[in-house]
Amino acid sequence: MSFLSAIILLGVLIFVHEFGHFLFAKKLKVRVLKFSLGFGPKLIGRKFGETEYLISSIPLGGYVKMLGEEPGETLKEEDKPFAYNYQPVWKRFLIVASGPIFNLIFAAVLFFFVFLSGVPMPEPYIGTIVNNSPADKAGLSTGDKVIEINNIPVMSWYEINESVSKSKGNALAFKIEREGKIIELNVTPVKETEKNIFGEKIDVFEIGTSPLLYSYIGEVVSDSPAKKAGIEKGDRVIRIQDTDIKTWQEMTSIIHQNPGKPLRFKIKRGERILDIIVSPETKTITEPTGKRKDIGLIGIKPLANEVEKKFGLIDSLYLGFKRTWDICVLTLVVIVKLFQRIIPADTLGGPIMILQMAGEQASMGAMSFFSFMAVISINLGVLNLLPIPILDGGHLMFLTIEGIRRKPLSEKVIIICQKIGVALLITLMIFVLYNDVIRVVVPWVKKLFSI
């Protein structure tokens, strides 16, 4: 399943990328000699018109070969108007840029259909409440179900977030259901400054609460402290040490604060109450500020308390492009933080990691798989636009220099730059494959042979 999912994912994304180059070359009257999915020896192929369409043996990329693309290629005079190297800079720029741009557009289209078909959102139940927050002062309680805000029906946590963020600090009329009774409360959001996922300071309106997530175990990671201690899917944690537990956030807060320390869990499993000792393993994380700290983890995931939220055509289109833009920016931020050593380099993954994750996402349903495909498509598009020789971004850099100088760089300079680019890419591929082996293959081998 994982292998087939990965082949489908990579095949589609490579096709989209190369089709961008192909389509613009055709539209701009440049002769395309070959359109190949994959590199290396030809597996199957057929020629239609002036173009040979191929599937090649190495499925880690593809290429579009155009007439006159190779330096020093000998051409007949009548063929030169259709040759790539004889086109003006702006045409060549569009042909090169179209590949990664198609990847970004394709991601936005995928997200559009994901939002249109429906995405899981937390149900509108009030979870943890911050002391002295607007929610606390207004009298909201954990477990309250929000029915309306300002007489507008609330179906998921999304509507609560939207109402609070658009309030501009004005009081909101909450209608809630509590133990079968309907209660009306006024909640006044306050403006706070916080950092977004890109590390930028932004002003947001908050009421000091989060979605309700009960302490039911939805999934237990294999070989984790929870699995070894005997915790099972469907268990509900009702106490840790001497603290009663009602929400997932209360539970994870205690676990995170006690790395390496044995904790006494009281578990409800069906009608039985069990006492289980679990020692959270220590995990070092890097915060957006660059500060590293140790937290405890036991390898559990929550049982989702969600409802499917569907969006209209216009909202889906907007959210699709917004999500694509946000992930583009986030990808660039991650690259910068990798060079700053804020994000560890061993977090990078390669084809083995993609294969594993593709299978996991496919098993969670079509929408999860399409969302994952969109994220990988964005990464492919953004990384290809980086000004590294041999990548599309490197070619765009050469074309920009040519446009400014009114003449191309010398063939010798371009070849030297491309050799450097190839060396960088090979080094990166070896590094991510090493990470994949350490992260995925080694634990699997140890488990297989019980090392």
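Student: How many helices and strands does the protein have?
Tutor: This is a predicted model, in which local features need pLDDT of at least 70, side-chain atom pairs count only at pLDDT 80 or more, and totals for chains, interfaces and linings use all residues. Residues are numbered from 1 along each chain as its sequence is written, and side-chain values use heavy atoms, with hydrogens and water left out. Helices (H or I, at least four residues) and strands (E, at least two) are DSSP runs numbered from the N terminus. The protein has 11 helices and 20 strands.

Student: What percentage of the residues in the protein are buried?
Tutor: Buried means under 20% relative accessible area, exposed means over 50%, and partly exposed lies in between (1.4 Å probe, protein chains only). Of the 451 residues in the protein, the buried share is 37%.

Student: What percentage of the contacts in the protein with a separation of 6 or more comes from residues 24 or more positions apart?
Tutor: A contact requires heavy atoms within 4.5 Å. Among contacts with a separation of 6 or more, residues 24 or more positions apart account for 60%.

Student: How are α2 and α9 oriented relative to each other?
Tutor: Axes are lines fitted to C-alpha atoms, for helices over the stretch in contact, and angles run from 0 to 180 degrees between N-to-C directions. The axes of α2 (residues 89–117) and α9 (residues 366–384) come within 8 Å and cross at roughly 160 degrees. Angles under 35 degrees count as roughly parallel, over 145 as roughly antiparallel, 65 to 115 as roughly perpendicular and the rest as oblique. Therefore α2 and α9 are roughly antiparallel.

Student: What is the handedness of the crossing of α7 and α9?
Tutor: The axes of α7 (residues 313–339) and α9 come within 10 Å and cross at roughly 55 degrees, which means that α7 is oblique to α9. A crossing is left-handed if the near helix is turned anticlockwise from the far one by less than a right angle, and right-handed if clockwise. The crossing of α7 and α9 is right-handed.

Student: How are α2 and α7 oriented relative to each other?
Tutor: The axes of these two helices, α2 and α7, come within 8 Å and cross at roughly 135 degrees. Residues in the contact include L104, F111 and F115 of α2 and L313, R323 and C328 of α7. Therefore the relation of α2 to α7 is oblique.

Student: Is D223 buried or exposed?
Tutor: D223 has a positive phi of about 65 degrees although it is not a glycine. Its place is in the loop between β12 (217–220) and α5 (225–229). With a relative accessible area of 51%, D223 is exposed.

Student: Which loop holds R406?
Tutor: Most residues other than glycine have a negative phi. R406, which is not a glycine, has a positive phi near 70 degrees. The residue R406 lies in the loop between α10 (392–405) and α11 (411–449).
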